Amino acid sequence: MNAEVGRISERRIRNNRIRRRRELRHRFMMCIFTILLVIGFSTLFFSFKTKAQGNDEEILYKYYKSIVVEEGDTLWNYACQYVEGSYYNSYDDYIKEVIMINSLTDDAITVGQHLILPYYSPEFVS
């Protein structure tokens with residue numbers, strides 16, 4: 001009987017050791033996973049770069065100008081005159097903005113028509 005009780009005790013001790021090793025391994029893996037997760041999110045968060053405006057870059061302010069369309073004027077001519085390359089990808093983008101601002105249905109304009117045109121200037125007017 002004592003031998004049987006001893007085997008049961010040994011089995012219980014062995015099972016407890018196995019369970020503790022599993023728990024320790026599980027905790028260790030969770031710790032490693034948490035560290036990797038923190039490193040991953042930190043890398044992702046700090047990898048976003050911002051473009052700060054340097055002192056050598058000119059600051060431009062956006063303004064609007066009211067004009068009266070004259071003979072021979074087109075929106076393309078205005079785009080050539082007022083487009084600032086760092087703010088518009090193309091003349092078409094500028095023309096689309098002018099059409100939107102002035103509630104035009106297309107790019108057709110007529111002599112004598114009043115238009116509002118956006119433009120950029122380094123001068124700040126308050």
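1. Architecture. The secondary structure of the protein chain amounts to three helices and two strands. Along the sequence they come in the order α-β-α-α-β. Keep in mind that this is a predicted model.

2. Overall dimensions. The radius of gyration of the protein chain is 36 Å, whereas a compact globule of 126 residues would have one near 14 Å. Along the principal axes, the C-alpha atoms fill a box of roughly 115 × 40 × 25 Å.

3. Burial and surface. Of the 126 residues in the protein chain, 17% are buried. The accessible surface is about 10,700 Å². Carbon and sulfur atoms account for 56% of that surface.

4. Contacts along the sequence. Take the contacts in the protein chain between residues at least 6 apart in sequence. Of these, 65% join residues at least 24 apart.

5. Helix α2. This helix spans residues 75–82. Its buried residues are Leu75, Tyr78, Ala79 and Tyr82. Viewed down the axis of α2, they fall within an arc of 105 degrees, so they line one face of the helix. What covers them? The cover includes strand β1, helix α3 (91–101) and strand β2.

6. Aromatic pairs. How many aromatic pairs does the whole structure hold? The search finds eight. One of them joins Tyr63 and Tyr119, with ring centres 5.9 Å apart. Their planes stand at 35 degrees, so this pair is tilted. A stacked pair would need planes under 30 degrees apart, and an edge-to-face pair over 60.

7. Tyr63 belongs to strand β1 (residues 61–68). Tyr119 belongs to strand β2 (residues 114–121). The pair therefore ties together parts that are 56 residues apart in sequence.

8. Buried or partly exposed? The two partners are classed as follows. Tyr63 has 16% relative accessibility and counts as buried, because the cut-off for buried is under 20%. Tyr119 has a relative accessible area of 24%, so it is partly exposed.

9. A charge over the ring. Which residue lies over the face of Tyr119? It is Lys65, at 5.8 Å from the ring centre.

10. Aromatic cluster. Elsewhere in the list of aromatic residues, Tyr87, Tyr88, Tyr94 and Tyr120 form one cluster.

Methods:
Residues numbered from 1 in each chain as written. Predicted model: local features only at pLDDT ≥ 70, side-chain atom pairs only at ≥ 80, totals over all residues. Heavy atoms only, no water. Phe/Tyr/Trp six-rings, centres within 6.5 Å; stacked < 30°, edge-to-face > 60°. Helix = DSSP H or I, 4+ residues; strand = E, 2+ residues; numbered from the N terminus. Buried < 20%, exposed > 50% of the residue type's maximum accessible area, 1.4 Å probe, protein only. Lys NZ or Arg CZ within 6 Å of the ring centre and 35° of its normal. Rg over C-alpha atoms; globule rule 2.2 N^0.38 Å. Contact = heavy atoms within 4.5 Å. Areas by Shrake-Rupley, 256 points an atom, 1.4 Å probe, with all protein chains shown as cover. Arc of directions from axis to C-beta.
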